[in-house]
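Biologist: Can you walk me through this model? I'd like to start with the strands.

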Amino acid sequence: AVHQTTGYSKGELYLNGIEKGDRVVIVDDVVSTGGTMRALLQALALAGAEVKDVCFAIQRGDPDIGRPYKALVKIEVQKKVYVIERYL
């Protein structure tokens with residue numbers, strides 16, 4: 001188990017079936033603070049996996065996850081949701 005903390009929650013992450021030398025691409029729905037992704041990347045590194053790429057459907061703000069990543073849409077949330085950039 002790897003403990004993860006975001007701006008919104010705390011919890012435990014579990015890696016199942018990841019072995020040393022595995023090559024991994026991470027696809028996630030949303031990144032905002034980056035806390036979950038940093039914990040996941042740390043867990044994968046400890047397991048000896050190689051992360052080839054990280055992709056998000058929605059990026060909120062400019063989170064630093066400690067490595068480059070891609071997002072399909074970048075948004076800003078105030079009273080409404082504003083699409084800042086589209087990458088399609």
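Biologist: How many residues sit between strand 5 and strand 6 in the hairpin?
Modeller: Three residues lie between strand 5 and strand 6 in that hairpin. Strands here are DSSP runs of E with at least two residues, helices are runs of H or I with at least four, and both are numbered from the N terminus. This is a predicted model: local features need pLDDT of at least 70, side-chain atom pairs need 80 or more, and totals for chains, interfaces and linings use all residues. Residues are numbered from 1 along each chain as its sequence is written, and side-chain values use heavy atoms, without hydrogens and water.

Biologist: Do strand 5 and strand 6 run parallel or antiparallel?
Modeller: Antiparallel, with five bridges joining strand 5 to strand 6 (residues 81-86). Pairing takes at least two DSSP bridges between two strands. Ile75 stands opposite Val83 in strand 6.

Biologist: And what is the bridge partner of Lys74 in strand 6?
Modeller: Glu85. Lys74 itself is in strand 5 (residues 70-77).

Biologist: Is Lys74 buried or exposed?
Modeller: Buried, at 13% relative accessible area. The cut-offs are under 20% for buried, over 50% for exposed and partly exposed in between, with a 1.4 Å probe and protein chains only.

Biologist: Which side chain does Lys74 join in a polar contact?
Modeller: Asp62, at 2.6 Å. A polar contact is a pair of N or O atoms within 3.5 Å; within protein, one must be able to donate a hydrogen and the other to accept it, and residues adjacent in sequence count only if both atoms are side-chain atoms.

Biologist: What else does Lys74 touch?
Modeller: Leaving out residues up to four places away in sequence, its contacts include Gln59, Tyr82 and Tyr87. Contact means heavy atoms within 4.5 Å.

Biologist: New topic. How many aromatic pairs are in the whole structure?
Modeller: One. The rings of Phe56 and Tyr69 have centres 5.3 Å apart and planes at 85°, so the pair is edge-to-face. Rings of Phe, Tyr and Trp (its six-membered ring) pair with centres within 6.5 Å; planes under 30 degrees apart are stacked, over 60 edge-to-face, the rest tilted.

Biologist: Why does that pair tie together separate parts?
Modeller: Because Phe56 lies in strand 4 (residues 50-60) and Tyr69 in the loop between strand 4 and strand 5, parts 13 residues apart in sequence. Phe56 is buried at 3% relative accessibility, while Tyr69 is partly exposed at 21%.
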